[in-house]
Amino acid sequence: MRGSSPVIGSDNRRAGSSVVAEGLRITGRHRRPVFGSAFLAGAAALLVGGGIVAGAFAASWGLFLEAGRAAEGSIDYEESYVAYSDQWDGLVKVAFCVYPLLLLVAMVLTAWLLTAQAVVVGHARERTAPGTDSRGAPGALTVRALWRRCRPHLGAAFRVQLLTLVCALLPGLAGLLVLAVVDMGMVPGVVWPTYHDPATLQFILVGRMLPVVIWVLGLVLLSRFAPATAIRVTDNSSATAAMRRSWTLTRTARLHTAAIHLLSTAAVAGAFTVLRWLGTYVAHWAGLLMLATTGGNVWVTGVLVIITPTAVALVLLPLVLAPMGVVFACLREWLGGRAGRALVVGVNAD
C-alpha cells in the first residue's frame with residue numbers, strides 16, 4: 001500500500017530503512033542540485049568563515065608577537081616560561097567574538113542546506129506524481145532554479161535553526177553542568193581521577209555515562225524537530241508553526257524518527273572524524289608555510305595547526321549534510337502521508 005506521497009512508501013515495519021533508502025536514491029538521481037548546494041555552502045564556509053578566522057588572527061597578532069618575546073626573554077634569562085601567561089585573557093576575548101560569528105555562519109548554511117534538500121525532494125515528488133507524463137513533468141532542477149525556489153524560505157528556515165539551537169541548549173548545558181559539578185568535587189563519593197587514583201565506578205557512572213545519556217536524550221528530543229525545515233518549505237508556514245507541526249507529526253513515530261536522526265548524526269560524526277584526520281595533512285603544510293612567513297613564530301603556528309583540521313572538516317562537511325537533509329525531507333513526506341492516512345481512517349470510522 002502507498003501513502004499520499006509518491007515518494008515514500010507507508011510500510012511501518014520498514015519505515016526507517018525505506019526513508020533512508022529513498023533519500024539516498026533521490027540524492028543519486030538529483031545529485032547535481034544536492035551536491036551543488038553543498039558546494040555552495042562549502043565555498044561560503046571557506047570564504048566567510050575563513051575571513052572571520054583570518055580577522056581573528058590579525059586581531060591577535062600583537063598578542064602572538066608578545067608571547068614570542070616573553071618566551072625568548074625567559075630563555076635568555078634562564079627563567080621558567082608558561083605559554084601565553086600574559087596574553088591568555090586577550091586571546092579569550094577574541095575567541096568570544098569569533099565563536100558566535102562562526103555559529104551564525106553555520107546556522108545560515110544549515111538553513112540553506114536543509115531548505116535546498118526539501119526543495120529537491122519536492123521536485124522529485126512533482127516528477128513522480130501520479131498522472132504526470134514525461135511531457136508534463138518538470139525538467140531537471142538546476143542550481144540557479146534551486147536558489148530561486150529556496151530564497152523565499154531562507155528567513156523562516158534560519159529561525160527554525162535558531163529555535164532548534166535553543167532547544168539543544170538545555171540538554172547540552174545540563175551535561176556540561178554535570179561535568180562541572182563533578183570536577184568541583186560537589187558530588188559526594190565521586191572524585192575526579194588523578195595519576196595516582198584511577199577512575200572509580202561512581203565516577204564512571206556519574207562523570208562519564210550520565211552526561212552521555214543526557215546528550216543522547218537531547219538528540220532524541222531534537223529528532224522531533226528534524227523535519228521542521230522541510231515542513232516550512234512544504235506548508236509555507238511560519239517557523240514556530242513548522243516546529244509545532246514537526247512535534248505533532250513525529251508524536252506517533254518517535255522510534256522511527258529518533259532512529260533516523262541518530263543514524264544521520266552518527267554518519268555525520270563519522271564523516272567529520274575522517275575529514276578532520278585528512279585535515280591534519282593540510283595543517284602540516286599550513287604550519288610550514290606559517291613558519292616560513294613569520295620567521296619561525298611557533299606560537300601563532302601552533303594555534304594554526306590546532307584549528308586547521310577542524311576548519312577543513314567543517315568546510316567539507318556540507319557534502320555529508322546535504323544527503324542528510326534529503327533524508328529529513330523524505331522523513332517529512334512519510335510522516336505527512338502517515339498522518340493523512342490516520343485522518344482518513346478516523347473520518348471513515350465516524
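Student: Which helix is Q117 found in?
Tutor: Q117 is in helix α4; helices here are DSSP runs of H or I, at least four residues, numbered from the N terminus. Keep in mind that this is a predicted model, where local features need pLDDT of at least 70, side-chain atom pairs count only at pLDDT 80 or more, and totals for chains, interfaces and linings use all residues. Residues are numbered from 1 along each chain as its sequence is written, and side-chain values use heavy atoms, with hydrogens and water left out.

Student: Is Q117 buried or exposed?
Tutor: Buried, with a relative accessible area of 0%. Buried means under 20%, exposed over 50% and partly exposed in between, using a 1.4 Å probe and protein chains only.

Student: What does Q117 touch?
Tutor: Skipping residues up to four places away in sequence, Q117 touches V34, S37, A322, G325, V326 and A329. Contact means heavy atoms within 4.5 Å.

Student: And L113, what is that in contact with?
Tutor: Leaving out neighbours within four places in sequence, L113 contacts S37, A38, A41, P318, L321 and A322.

Student: Switching to cores: how many residues does the largest nonpolar core have?
Tutor: It has 49, and V19, I26, W112, L113 and L146 have the most contacts inside it. Such a core is a set of buried Ala, Val, Leu, Ile, Met, Phe, Trp, Tyr and Cys residues joined through side-chain atoms within 4.5 Å.

Student: Which helix gives the largest share of this core?
Tutor: That's α4, with 13 residues.

Conventions: Helices (H or I, at least four residues) and strands (E, at least two) are DSSP runs, numbered from the N terminus.
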